[in-house]
Amino acid sequence: MVKISINNKKFSFLTPKKTLNPKLWKDDFLEPEISERLKEIAKDAIENLEIKSEIKDIIITGSIASYNWHRLSDIDLHIVLDFDKISQSTEIVKRMLDEYRINWNRKHEIRIKDHEVEIYFQDAKEPHESNGIWSLLSEGWAAEPVKLEPDLDLRTAEKKAVAIVKSIEFAENLFEQNDFLGSHDYSSKIRSKISRMRQSGLDKEGIYSPENLAFKMLRNSGYLGRLSELKIKSYDQMLSLNEVYIK
């Protein structure tokens, strides 16, 4: 059953603020204590991964590094690596790091000034566009945030989000019916669709496009987390069934 209900009042937090989040930023610079703690988190995550790769940068991006922050904003902590220095098959590296990221974020709930820290792994060669990118290693802006006055099309964003929610719930029903292969394949397809949708919106209209707003609605309502968990669970069940069959 679809649980997303959107209205202008409920999602008014998406409108830009006049200043950066004062809990984290002072005079447009990240508080030193917070900077050190975030670097410690990133380095601990990469050490536990036990791969030999130099950290090219550690950056903060997303709404928490811009004027469109809100109480639900995560601290998106990107660890920038050279994927091709880890393996020649960057696709395998991406999948491995993505799985590690999902498990790390699922097992940890680290909060700084009431905002949850989410780690990501970013290929140094992959372009990353955001209205605000702060480098922890160089202690400065890689891309300064810009104040915008957007016209938010929340109704269109809601329709896009609800359509995807129905797809996610259908994939969950497949899992409940023990169709683990179907659930895994469909959840993978949905995740790719969401990525394409968001990127299309960013390319056309930027961070306030209906597509990107729909992505934020899905994330803040927990549906992206449910989709990631479903993909892992269905994959594990597929392997478990295959193992029993072989025996």
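## Salt bridges and a buried threonine

In this predicted model, lysine 85 forms a salt bridge with aspartate 82, and their closest N and O atoms are 3.6 Å apart. Lysine 85 counts as exposed because its relative accessibility is 60%, whereas aspartate 82, with a relative accessible area of 10%, is buried. Salt bridges that share partners join these residues into one network made up of Lys56, Asp82, Asp84, Lys85 and Lys125.

The count of salt bridges comes to 15, and the table lists some of them.

| Salt bridge | Closest N and O atoms |
|---|---|
| Lysine 85 and aspartate 82 | 3.6 Å |
| Glutamate 40 and arginine 37 | 3.5 Å |
| Aspartate 114 and lysine 23 | 3.1 Å |

Aspartate 114 lies in the loop between strand 5 (111–112) and strand 6 (115–123), while lysine 23 lies in the segment before strand 1 (25–26), so this pair ties together parts that are 91 residues apart in sequence. Aspartate 114 is exposed at 52% relative accessibility, and lysine 23 is partly exposed at 43%.

Glutamate 40 and arginine 37, by contrast, both lie in helix 1 (residues 32–49), where they are three residues apart, about one turn of the helix. Arginine 37 is partly exposed, with a relative accessibility of 47%.

Leaving aside neighbours within four places in sequence, threonine 61 is in contact with Asp76, His78, His128, Ser130, Gly132 and Ile133.

Methods:
Residues numbered from 1 in each chain as written. Predicted model: local features only at pLDDT ≥ 70, side-chain atom pairs only at ≥ 80, totals over all residues. Heavy atoms only, no water. Contact = heavy atoms within 4.5 Å. Salt bridge = Lys/Arg side-chain N within 4 Å of Asp/Glu carboxyl O. Helix = DSSP H or I, 4+ residues; strand = E, 2+ residues; numbered from the N terminus. Buried < 20%, exposed > 50% of the residue type's maximum accessible area, 1.4 Å probe, protein only.
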